[in-house]
Amino acid sequence: MTTASFTGLSRIRYVRAFTVRGGGADYHDQGAGHWIDDHIATPMARYPEYRQSRQSFGINVLGTLVVELEAEDGTVGFAVTTGGEPAAFIVEKHLSRFLIGRSPADYEKIWDQMYFSTQYYGRKGLVVNAISGVDLAIWDLLGKLRGEPVYHMLGGAVRDELQFYATGARPDLAKEMGFIGGKLPLHHGPAEGLEGLEKNIENLSDMRSKCGDDFWLMLDCWMSLDLDYATRLAQRAWDECGLKWIEEALSPDDYWGYAALKKNAPRGLLVTTGEHEATRWGFRMLMDMDCCDIIQPDVGWCGGVTELIKIANYADSRGVMMVPHGSSVYSYHFVITRHNSPFAEFLMMHPGPTEVVPMFAPQLLGEPVPVNGRIRASELDKPGFGVELNREIALHRPYPND
Ligand SMILES: [Mg+2]
């Protein structure tokens, strides 16, 4: 018997990186009047001129990144994430050298080379978004070459369906649509003082009265608070409104603040964070410092599926729940394989939001959406991530390599 390496799979021949405007993976890139840009509390809200709109400080400046990998046999895998033009530059000018001529089955070695070759200017943020986009495209290509859904390659479904909570301005409507909970954006930060705190509590109380006592209500604070404000908000939201969790209350760099908030928060109220954290090392910090009850990695930002496996396994061994941030099919194929991910997030991208629309529309074709707050595992039974790139939209390739 020989020990020759397995060479049966078609290798990667072309790497292409495109940018796209107008919603999709860069879901903040929306038109006027969308709930997602309506005076939401942010760390920039300390400046009155950037308080009303997140687009005013440039939240949508990057746009979507599309990574496309074509194998020698013509099979194409792709993925979408954020990062736009600078991420396209990194993919085509830097990362492509670790992909061309390689088998997508070698994702561990490819990930390692992408991460350590960019470490001197990377580690988190934009560079890891780019790496995540490539990694997701590798898994999509691998699944398409093998004729297997990604969730099969990750060990298979541990339940028959995904259950969702909805993120958006109308948890009352989300309840009617069959979701298990609703997560509201916080509207007022510390710079708006006690008056803003009262308005935050009023808004939450109003939603509690509309949703009844048993429906989960959560608050997404998008990194906008300080420890004192977060502690007071958590206490009142728990006492007066039965809040289930307080999300991303502090800066993602403030591990010490999160550890203190978790100690300060009322017993029973969950502290969650992690959508702007990256890699096994970032999440190890969150967990080793006991910063939160639920970690919320975004698979398109934290390093992709290859890295999420490591993050999820560490969380599982620590007894920490992992409920990934948004990210549509890229999360669904992971969540369905994990007992410590018992439900998933659905971002309500309708402007109202008064109806369920595909999260990454119009970029993905065949993107499943929850019906009655659920998606059957069998809906994921297509090769790769089970979606195709919509070629009707304007794809721009700023740094062609071939
Ligand atoms: Mg969030």
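I'll start with helix α1, whose buried residues pack against β1 (12-20), β2 (64-71), β3 (76-82) and α3 (125-146). This is a predicted model, so everything I say is about the prediction. Helix α1 itself covers residues 84-93, and its buried residues are G84, A87, A88, I90, V91 and E92. As a reminder, an α-helix has 3.6 residues a turn, so residues three or four places apart point the same way.

Next, the strands around β5. Which residues lie on each side of it? G181, K183 and P185 are on one side, G182 and L184 are on the other, and both faces are covered. Note that K183 is among the buried residues.

What does β5 pair with? On one hand there is strand β4, residues 161-167, which runs parallel to β5 and is joined to it by 2 bridges. In that pairing, T167 stands opposite K183. On the other hand there is strand β6, residues 216-220, also parallel to β5, with 5 bridges between them. Here K183 stands opposite M218, and P185 has D220 as its bridge partner. So far as burial goes, β6 is mostly covered, with 4 of its 5 residues buried.

Now a helix pair further along the chain. Two packed helices are described by the angle between their axes and the distance between the axes. For α9, residues 279-288, and α10, residues 304-318, the axes come within 9 Å and cross at roughly 20 degrees. Angles under 35 degrees count as roughly parallel, and α9 and α10 are therefore roughly parallel to each other. The crossing of α9 past α10 is right-handed. Which residues make the contact? From α9 they are T279, R280, F283, R284 and M287. From α10 they are E307, K310, I311, Y314, A315 and R318. Sorted by class, this contact has 5 nonpolar, 1 polar and 5 charged residues.

The last topic is backbone geometry. Most residues other than glycine have a negative phi, and most peptide bonds are trans. Here are some exceptions in this model.

Two cis peptide bonds first. G352 and P353 are joined by a cis bond, with omega about -10 degrees. A361 and P362 are joined by a cis bond too, with omega about 5 degrees. Where does P353 sit? It is in the loop between β11 (344-347) and β12 (364-365). P362 is also placed in the loop between β11 and β12.

Then two residues with positive phi. R123 is not a glycine, yet its phi is positive, about 85 degrees. R123 lies in the loop between α2 (107-117) and α3. Is R123 buried or partly exposed? R123 counts as partly exposed, because it has 14 C-beta neighbours inside 10 Å.

N372 is the other one: its phi is positive, near 55 degrees, and it is a residue other than glycine. N372 is found in the loop between β12 and β13 (374-376). With 12 C-beta neighbours inside 10 Å, N372 counts as exposed; the cut-off for exposed is 12 or fewer.

Key
Residues numbered from 1 in each chain as written. Predicted model: local features only at pLDDT ≥ 70, side-chain atom pairs only at ≥ 80, totals over all residues. Axes fitted to C-alpha atoms, helices over the stretch in contact; angles between N-to-C directions. Parallel < 35°, antiparallel > 145°, perpendicular 65-115°, else oblique. Left-handed = near helix turned anticlockwise from the far one by under 90°. Contact = placed C-beta atoms within 7 Å. Nonpolar A, V, L, I, M, F, W, Y, C, P; charged D, E, K, R; others polar. Buried ≥ 20, exposed ≤ 12 C-beta atoms within 10 Å, placed from the backbone. Pairing = 2+ DSSP bridges.
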